[in-house]
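Thanks for coming. I have one structure to show today, and I will keep it short. Here it is on the screen.

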Amino acid sequence: MARKKIALIGAGAIGGTMAHLCALKGLADVVLYDVIDGLPQGKALDLLQSGPIENFDIQITGSTKYEDIAGADVCIVTAGIVRKPGMSRDDLLGTNAKILRQVSEGIKTHAPNSFVIVITNPLDAMVTLVKRVTGFPKNRVVGQSGILDSSRYRTFIAQELKASVASVSAVVLGGHGDDMVPVRSSCLLSGVPIEKFISGKRLDEIEARVRNAGGEIVSLLKTGSAFYAPASAAIRMAQSYLMDRKEILPCATYLEGEYGVNGYYFGVPVMIGAGGIEKVIEMELSPSERKAFEQSLTRVKELVQAMDKLLAAS
Ligand code: APR
């Protein structure tokens, strides 16, 4: 059986880390694409030379030509600029929207049958733009956000309880911004509601840290943003698609009526299999969670409107 192919559009911190993960997992051949000549080629060559040590045979190439993504089964988009300390994800809107318009044209022309995972921020607007410009159906354009945010929630809870992360489950819904919704009622330690172990006040603090987790890393790194965990999250999505695992993962998904949301990308749990986004899973939310969900939705709508204004003016 021919190996599958993943095109990584953007060969920066997340792109390079995803290529490494693909190699270590033997998931698929990889093409790293970037506009900076030498960057994708250099990273590809370095990674390839770890093959005999790590014992993988996948091919990794670097390119500045869109033709080289031809035949990709999955495209993962990180092209764009990152935020600096003090910036919100939304501050990246104007620059990244222009970049993603170009990237979407490249994908539409050269990988018209691919499953597209968008990581570039501000995520909810960028994934909307990619769907519009490519014209791909909603099951084939998805945003990476909820897996990362949920993983951050699980990490902090596991640390608090000194328990294994494997025993903590939790979901974060909504937009990938400061209004994201850590769903406390979904947070369980081995099936037992988390409020049995941690006070409400402490949970408030942990959830605030989850909402600001990306910003916390930006202020530590100063010249970049998080890349290990975002890369892991996107590769988990790609793997579920390529292997038809049908995992239920929180992702930014185009909703048409589910959760009462119509015509917007929003983070909710979905099933990812060979058909792309195969199903949206509707969770029960408490009244306060529903209120936070609506607030986050308002913010996403404003973000998409702001993008439309910027693009109309450019
Ligand atoms: N086409 C392809 N690649 C591009 C383009 C373009 N038009 N414009 C910029 N790039 C490349 C840059 O050259 C750079 O190598 O995108 C890459 C981005 O890499 P980093 O700056 O290292 O950023 P990274 O940490 O990977 O994050 C990328 O993901 O999580 C989001 O907020 C983050 O929007 C940011 C994106």
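Predicted model: local features only at pLDDT ≥ 70, side-chain atom pairs only at ≥ 80, totals over all residues.

Leu 203 is in contact with Ile 157, Arg 184, Ile 194, Glu 195 and Ile 198, leaving aside residues up to four places away in sequence. As for where Leu 203 sits, that is helix H7, which covers residues 200-211. Is Leu 203 buried or exposed? Its relative accessibility is 0%, and the cut-off for buried is under 20%, so Leu 203 counts as buried.

Domain 1 contributes 8 residues to the contact, and domain 2 contributes 12 residues.

How much area do domain 1 and domain 2 bury between them? The value is about 760 Å², with 53% of it on carbon and sulfur atoms. On the domain 1 side, the residues losing the most area to domain 2 are Arg 83, Pro 85 and Arg 89, and together they make up 65% of what that side buries.

Next, the polar side of the interface. Between domain 1 and domain 2 there are 0 salt bridges by the rule, and 2 residue pairs are in polar contact, both at pLDDT 80 or more. The side of domain 1 that touches domain 2 consists of 3 nonpolar, 1 polar and 4 charged residues.

That is what I have.

How values were computed: Residues numbered from 1 in each chain as written. Heavy atoms only, no water. Contact = heavy atoms within 4.5 Å. Buried area = accessible area lost by both parts, 1.4 Å probe. Salt bridge = Lys/Arg side-chain N within 4 Å of Asp/Glu carboxyl O. Polar contact = N/O pair within 3.5 Å; in protein donor to acceptor, adjacent residues only side chain to side chain. Nonpolar A, V, L, I, M, F, W, Y, C, P; charged D, E, K, R; others polar. Helix = DSSP H or I, 4+ residues; strand = E, 2+ residues; numbered from the N terminus. Buried < 20%, exposed > 50% of the residue type's maximum accessible area, 1.4 Å probe, protein only.
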